[in-house]
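Welcome, and please open your viewer. We will take a short walk through one structure, with something to select at each stop.

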Amino acid sequence: MRLFKIISILLASLFVLGACSKEEQSNVIKVAVSPAIPPMLFEKDGKYTGVDLEIFEGYCKSRGCTFKMTAYDWLGMLGAVTSGQADVAFSGISITDKRKEVIDFSKPYFTSTWDLISLQNRNIKIADLSQLQKYTIAYPTGSVFDDYVKDVLQPKGYYSLDRVKLYPSPTEALIALQNGNVDLVFVDSVMLQSYQKSLNLPVSSSYQVVGFDNLGFAFKKGSKLRDDFNLYLSELGPEKLKAIINQWTK
């Protein structure tokens, strides 16, 4: 009877392990990333690093999980989650209503604003959005900036969606900016800080967009992993989460 009781307790413990129980332990957690979003997720010295990775490593350490990352372009990363090729994606992903139709997001872990950036030597300053007509704007395909141009700028006649130059990743949009192929690039403000401070790039903000952007980890629909990850964020608490983010953004 004593042995039976011990076995029963062990089985019950395994059952309540949540996302890292039978569903996740049978396979390594498949992670999709787009490692071109500093400081959230980027490549440095041949290794992936950043805020998002540190948070997810902390989660897996607390749960005894293992994971494997696969790099995609921006659209491919999100597509890997919606198609079930990946269990989770993270690389500074904005939470939007449209994406929530096909993806389950974690609770927001960071809030950022947006900037239109340009090369410092161009000295482009946008005082009135009607000035945008003079410039070529770029950003990654499938990014949240698409909705901003379509829903805000285009209806007011400031800029049309068909004029935007699209690139597979923020890195390629940035290269186009440096090569003079485009005038302005949409980025999260935290990315601009990283470009200036960590990468020492000669870029500056030409215009800061009013509003904010919530970032979250993206999970496949119905994921128990998402539920347990949200629990981990609660266990981590806002102060510890802020401390992690500040290491990368200050």
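Let's begin with the largest cavity, whose lining has 9 nonpolar, 3 polar and 2 charged residues. Keep in mind that this is a predicted model. The cavity holds about 150 Å³ of space. To find the middle, select W74, S143, F145, D188 and M191, which are the closest to its centre among the 14 residues of the lining.

Which strand gives the most? Strand 11 does, with 3 residues.

Now zoom in on D188, which you will find in strand 11 (residues 184-188). Is D188 buried or exposed? D188 has 7% relative accessibility, and buried means under 20%, so D188 counts as buried. Show its surroundings: leaving aside residues up to four places away in sequence, D188 touches G92, S112, T113, W114, F145, D213 and L215. Then select S94 as well: S94 and D188 are 94 residues apart along the chain, and their C-alpha atoms are separated by 9.8 Å.

For the last stop, select helix 3 (residues 51-63). At 1.5 Å a residue, its 13 residues should span 18 Å, and the end C-alpha atoms are 19 Å apart, which agrees. Show the side chains of V51, D52, L53, I55, F56, Y59, C60 and R63, which are buried in this helix. An α-helix has 3.6 residues a turn, so residues three or four places apart point the same way. Finally, step on to G64, which follows helix 3 and has a positive phi, near 70°.

Methods
Residues numbered from 1 in each chain as written. Predicted model: local features only at pLDDT ≥ 70, side-chain atom pairs only at ≥ 80, totals over all residues. Heavy atoms only, no water. Helix = DSSP H or I, 4+ residues; strand = E, 2+ residues; numbered from the N terminus. Expected span 1.5 Å × (residues − 1). Buried < 20%, exposed > 50% of the residue type's maximum accessible area, 1.4 Å probe, protein only. Contact = heavy atoms within 4.5 Å. 1 Å grid on protein atoms, 1.4 Å probe; cavity = no way out; pocket = protein on both sides within 12 Å on 5 of 7 lines; lining within 4 Å. Points joined across faces, edges and corners; volume = space filled by probe spheres on them. Nonpolar A, V, L, I, M, F, W, Y, C, P; charged D, E, K, R; others polar.
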